[in-house]
Amino acid sequence: MSDSPAIAHGAQALANSADSASAANSALGEHPAYQRHHFETVDQQADATNFAMWLFLLTEVMFFGGLFTAYLIYRNWYYPAFVAGSHQLNVVWGTLNTLVLIASSFTMAMGVWCSETRRRRGLVLCLSLTFFLGMCFLGIKTIEYHEKWEKHHIPGLHYSLQSFLDPAHDEAAAAYGDKPLPLDMARHTELYFFLYFAMTGMHALHMIIGIAILGYMIVRAKAGAYTTGHVTFVENFGLYWHFVDIIWIYLFALLYLISRHQ
Amino acid sequence: MSATIVSLPDQSTARIPKVNFITKENGLLSWLLTGDHKRIAILYLISITFFFFIGGALAGLIRLELLTPQSDLMATDTYNKVFTMHGIIMIFLFLVPSVPATLGNFFIPMMIGAKDLALPRINLLSWYLYVVGGILVIYTMVAGGVDTGWTFTTPLSTHYINTNVMSTGMAVFIAGFSSIFTGLNFIVTLHKMRCPGMTWFRLPLFCWAHYAASILMVLGTPVLAIAVVLLALERTVGIGVFDPTKGGDPLLFQHLFWFYSHPAVYIMILPGMGVISETVSTFSRKRVFGYTAVAFSSVAIAVFGFFVWAHHMFIMGISNYAVLVFSLLTMLVAVPSAIKIFNWTFTLYKGSITFETPMLYSFGFMGLFTIGGMTGVFLGASGTDIHLTETYFIVAHFHFVMVGGMLMAFLAGIHFWWPKMTGRMYPEKISQLAAVVTFIGFNLTFFPQFILGTLGMPRRYAAYPPEFQILNVFSTAGATILGVGYLLPVLYLTWSLKYGAIAGNNPWQATGLEWTTQSPPLTENFVVTPIMDHEAYDYDWLEAQQAKEVASVR
């Protein structure tokens with residue numbers, strides 16, 4: 001507890017001169033403003049919050065895990081229905097969306113780098129690009145959902161079996177040369193579409209939350225936050241964003257690609 | 001029993017320290033916006049006690065209805081709502097947060113020599129989520145209740161009843177996140193916040209037990225969350241995932257639900273086992289026998305606990321091979337549980353045992369948990385399970401583990417750490433009486449239910465054949481005694497806040513780091529970060545330490 005004003009002033013001056021700040025601060029028994037009082041060192045704080053973020057992502061894995069389990073079981077049971085359902089998805093839009101997301105992961109990673117190397121304008125640019133790409137993803141997803149709506153593929157509310165009972169007159173199904181499904185099996189396509197909407201919807205919800213946080217971070221970053229050596233928040237958000245991307249990679253493979261070649 | 005280890009400071013001169021975490025700041029807001037783990041623990045303690053007594057009142061109603069064979073006190077559908085609300089409140093709002101959110105929250109940072117949990121704001125958020133969940137449950141009760149049973153079994157909950165399933169589901173979903181955040185916080189804290197010298201194998205076993213329970217909270221609860229989301233979608237939109245007419249399978253819900261809810265019983269019992277390790281060691285003045293074995297048995301329970309869930313579904317139409325495997329795995333859980341019981345017993349062997357209240361409750365725990373655990377093996381064996389499941393045998397088994405085990409452990413812990421939390425002792429004689437009353441009341445309530453179960457009385461009915469009445473009367477009489485046993489601590493503990501003897505730093509002569517601080521502790525727990533230079537439960541170290549202190553005072 002060194003509270004003489006001179007020393008405090010000295011610490012302040014050191015804090016401004018970038019690199020050796022934290023070392024000098026701890027030497028003086030002071031700590032930077034962003035260090036919470038209950039941590040011994042900044043490193044311990046960064047370590048702990050980082051670890052917490054990984055654990056949180058683990059809970060997210062388990063959360064999505066329930067849906068993946070349901071998908072796995074029902075795909076096994078109703079294989080023809082899941083193949084026919086998958087053929088209704090638009091692989092072009094799906095691929096484009098995958099590229100958009102991977103690009104956003106790149107800009108996010110660059111954002112973390114900018115934050116670490118204290119480039120304020122670079123950080124704002126990277127976060128804004130990530131924000132923009134995230135919005136693009138949601139836009140494309142909306143187009144895809146709209147297609148489903150038009151073809152009456154919304155389970156529960158608005159569902160028609162036409163594409164599966166009479167695939168010859170359905171553009172998407174005809175392209176794959178699908179055979180008509182028996183009524184019993186055709187009805188199970190509704191389960192496929194439910195899982196499609198549940199999984200992509202849950203993913204989209206995570207995207208929306210991520211974009212909202214990005215918006216907040218852009219405002220803060222413009223005001224100079226995250227580029228003073230305290231990068232934990234950007235880093236942890238980056239982890240979250242990459243995680244949401246990885247979920248999408250799995251969804252893309254399981255929902256769009258897996259039934260391309262029979 | 002004159003032998004006692006209690007050593008209190010001279011009451012004529014002793015004072016509660018003026019500056020402590022309770023007096024540091026005043027006003028309601030200083031509590032509602034606090035980041036202090038100790039204050040959050042107190043908030044949790046008040047809220048879970050509140051819900052415990054609501055759940056307890058509902059249990060009273062159940063027993064009152066079952067006093068007579070006919071359904072006369074309430075209509076049968078009201079009875080269904082009453083036992084459902086009893087289950088939901090007791091499981092999600094009392095048992096899951098009971099020890100971790102109160103005692104764990106308060107003492108884990110102190111035991112490892114830290115100033116706070118790693119994420120204080122997340123800790124506060126967890127309490128608020130709990131409160132929102134609790135309010136939704138109260139709303140459900142006011143709006144007319146729900147009658148699915150606490151298990152929300154499909155297709156009953158999705159297709160056949162129209163009570164407040166949605167608000168209850170929402171409550172469970174939100175309370176679940178409160179539990180996730182608590183567990184996450186504990187894991188991070190135990191990994192990153194230990195003081196110098198505090199290695200993993202110097203941690204008090206209380207911390208190990210919480211670590212294991214936290215793994216279950218973090219990995220299990222999200223699966224419950226997604227199960228409840230799917231349930232809600234099935235009810236509202238009719239997506240078909242649990243609907244056989246659309247190709248879905250109601251059993252999938254049970255798989256997802258029990259994937260959390262079986263580990264959840266270990267979430268409930270493991271922290272209780274942590275408490276017992278502390279009290280048994282303290283009140284027999286011996287290091288816990290086989291420290292490493294007890295530590296790893298907690299982790300083993302957590303790991304095995306994830307692979308036994310289908311034993312709740314033996315009669316639900318899962319395959320015979322699944323029954324075989326899950327039956328075997330279920331029996332495996334008995335091994336680490338038995339390791340704990342044996343090791344505590346060996347700790348008692350040749351120890352200097354004294355019989356303060358926490359120790360009485362601990363003995364209660366050991367006996368009742370053993371009975372509860374052993375009957376669990378009966379139920380894990382698929383042959384006997386087919387006869388016994390859905391009877392009162394299940395009810396008795398579960399209550400022996402949860403009420404006889406967990407609640408005893410909770411009360412043991414509350415009494416054990418009460419002097420540290422409040423700075424004052426509880427009155428010893430009356431609390432010993434309460435412990436004995438609880439034990440008698442408990443056995444009278446639930447032992448007859450084992451017999452009822454083997455005779456074939458089904459659970460979840462408001463009426464029963466007249467030949468079962470005598471045992472049910474015993475059970476209801478016992479519940480009355482049990483009620484007194486639970487009411488007493490509330491009264492005398494409240495009384496002790498003002499009139500209890502000043503406890504001093506270490507009234508039990510216990511070894512944990514939490515006993516080296518003042519009572520009640522400072523907001524930052526320790527003036528200087530402690531350095532752990534001895535093993536856990538090292539009574540020789542404590543003796544040397546005290547000798548040194550006396551010498552320096554002279």
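The paragraphs below walk through a predicted model with chains A and B, from its overall scores to a few local details.

The predicted model as a whole scores ipTM 0.90 and pTM 0.92. For chain B, the average pLDDT is 94, and 99% of the residues score at least 70.

Of the 262 residues in chain A, 36% are buried. When contacts in this chain between residues at least 6 apart in sequence are considered, 72% of them join residues at least 24 apart.

Within chain A, one helix pair can be followed in some detail. Helix H10 (residues 189-222) packs with helix H11 (residues 232-257) at an angle of about 155°, and their axes are 10 Å apart. An angle over 145 degrees counts as roughly antiparallel, and H10(A) and H11(A) are therefore roughly antiparallel to each other. Their crossing is left-handed. On the H10(A) side, the residues that meet H11(A) include A:Tyr196, A:His203, A:His206, A:Gly210 and A:Met217. On the H11(A) side, A:Phe237, A:Trp241, A:Trp248 and A:Leu255 are among those that meet H10(A). Sorted by class, this contact has 14 nonpolar and 4 polar residues, with no charged residues.

The next feature is the place where the two chains touch. Chain A brings 27 residues to this contact, and chain B brings 31. On the side of chain A that touches chain B, helix H3 (42-77) and helix H10 each supply at least two residues. H3(A) gives the most to that side, with 16 residues. By class, the side of chain A that touches chain B has 16 nonpolar, 7 polar and 4 charged residues.

Chain B has a helix pair of its own to look at. Here helix H9 (residues 250-284) and helix H10 (residues 291-305) pack at an angle of about 170°, with their axes 10 Å apart. H9(B) and H10(B) are therefore roughly antiparallel to each other. From H9(B), the residues B:His262, B:Pro263, B:Tyr266, B:Leu270, B:Met273 and B:Ser277 take part. They meet B:Val294, B:Ser298, B:Ile301, B:Ala302 and B:Gly305 in H10(B). The contact of H9(B) with H10(B) has 7 nonpolar and 4 polar residues, and no charged residues.

The peptide bond from B:Thr154 to B:Pro155 is cis, with omega near -5°. B:Pro155 sits in the loop between helix H5 (120-142) and helix H6 (156-160) of chain B. A cis peptide bond also runs from B:Ser519 to B:Pro520, with omega near -10°. B:Pro520 belongs to the loop between helix H16 (469-499) and helix H17 (539-553) of chain B.

The loop between H16 and H17 of chain B also holds B:Asn525 and B:Tyr537. B:Asn525 has a positive phi of about 65°, although it is not a glycine. B:Tyr537, not a glycine either, has a positive phi of about 55°. A residue counts as buried if 20 or more other C-beta atoms lie within 10 Å of its own. B:Asn525 has 23 other C-beta atoms within 10 Å and is therefore buried. B:Tyr537 counts as buried because it has 24 C-beta neighbours inside 10 Å.

Technical notes:
Residues numbered from 1 in each chain as written. Chains lettered and ligands numbered in written order. Predicted model: local features only at pLDDT ≥ 70, side-chain atom pairs only at ≥ 80, totals over all residues. Axes fitted to C-alpha atoms, helices over the stretch in contact; angles between N-to-C directions. Helix = DSSP H or I, 4+ residues; strand = E, 2+ residues; numbered from the N terminus. Parallel < 35°, antiparallel > 145°, perpendicular 65-115°, else oblique. Left-handed = near helix turned anticlockwise from the far one by under 90°. Contact = placed C-beta atoms within 7 Å. Nonpolar A, V, L, I, M, F, W, Y, C, P; charged D, E, K, R; others polar. pLDDT = per-residue confidence, 0-100. Buried ≥ 20, exposed ≤ 12 C-beta atoms within 10 Å, placed from the backbone.
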